[in-house]
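Hi,

Here is the structure I promised to pass on. Please open it first, then read my notes below.

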Amino acid sequence: MNGTPCVHEPLSPVVQRCCDARNRIFRELATHKMRQLPPQPPNTDKTAIFAEMLAKVGSDYYTQKAAATAYRYAMPDPSTRQGLKEFIACVLHGMAVSIISHKDGAALLSGARIALSALRGRPSGGVEKANKTPHTEISSQPSIESAA
C-alpha cells in the first residue's frame, strides 16, 4: 500500500476525484498534526515541515487504510456502461500506484467484467423497446375481454 499522496498531473475527472478523496485524508491528518506542534519561529519553512508531516502521516498503516477506503468510496457506481468504464479506470489507476492490491484489483475487475457482460445482454432500447413490442396471448390464459 502506498503512503504518499497522488501528485501526478490531473487525469480524467473521475480518477482525479478518487485521488482527491485519498489525498484529503493525508492532508487533513497532516494539518491536524501540524496544529499539535509547538509554536514555530516566524522564519520557519512551514512547507517543509508540512511535507515532513505528510511523510510521517503517510507511513502510518491505519492512515493508508483510511486513504485507500476514501479512494474506493469515491469510485463511480458501475451500474451503467459509462460508470463501468470509469470504475475500471479507477481500479487500474489504484493498482498502478499501489492503492489497491493486485488481488483486490483482480476481484474488482472480474466483477466489472461480469457487470459489463450483463449490460451487453440487455437490449439497447430497454423498457421502451419492450413496451412497443406486441405481446402474444397464451391460449391457456384468458384474455381481458373474456374475463369481463
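Start at Cys18. Leaving aside residues up to four places away in sequence, Cys18 touches Tyr71, Ala74, Met75 and Cys90. Keep in mind that this is a predicted model.

Cys18 belongs to the largest nonpolar core, which has 20 residues. Tyr71, Met75, Cys90, Ile99 and Ile100 join Cys18 as the residues with the most contacts inside this core. Which helices each supply at least two of the core's residues? They are α1 (13-36), α3 (61-73), α4 and α5.

Now look at α5. This helix runs over residues 102-121, 20 residues in all. From first C-alpha to last, α5 reaches 28 Å, close to the 28 Å expected at 1.5 Å a residue. Three of its residues, Gly105, Ala112 and Leu119, are buried. Why do they sit on the same side of α5? They cover an arc of only 45 degrees around the axis, so they share that side. Helix α4 (81-96) is part of what covers the buried residues of α5. On the other side of α5, Lys103, Ala107, Arg113, Ile114 and Gly121 are exposed.

Last, the aromatic rings. The structure holds one aromatic pair. Tyr61 and Tyr62 form it, edge-to-face. Their centres are 5.4 Å apart, with 80 degrees between the planes. Are these two buried or exposed? Tyr61 is partly exposed, at 47% relative accessible area. Tyr62 counts as exposed, because its 64% relative accessibility is over 50%.

Best wishes

Conventions. Residues numbered from 1 in each chain as written. Predicted model: local features only at pLDDT ≥ 70, side-chain atom pairs only at ≥ 80, totals over all residues. Heavy atoms only, no water. Helix = DSSP H or I, 4+ residues; strand = E, 2+ residues; numbered from the N terminus. Expected span 1.5 Å × (residues − 1). Buried < 20%, exposed > 50% of the residue type's maximum accessible area, 1.4 Å probe, protein only. Arc of directions from axis to C-beta. Contact = heavy atoms within 4.5 Å. Core = buried A, V, L, I, M, F, W, Y, C linked by side-chain atoms within 4.5 Å. Phe/Tyr/Trp six-rings, centres within 6.5 Å; stacked < 30°, edge-to-face > 60°.
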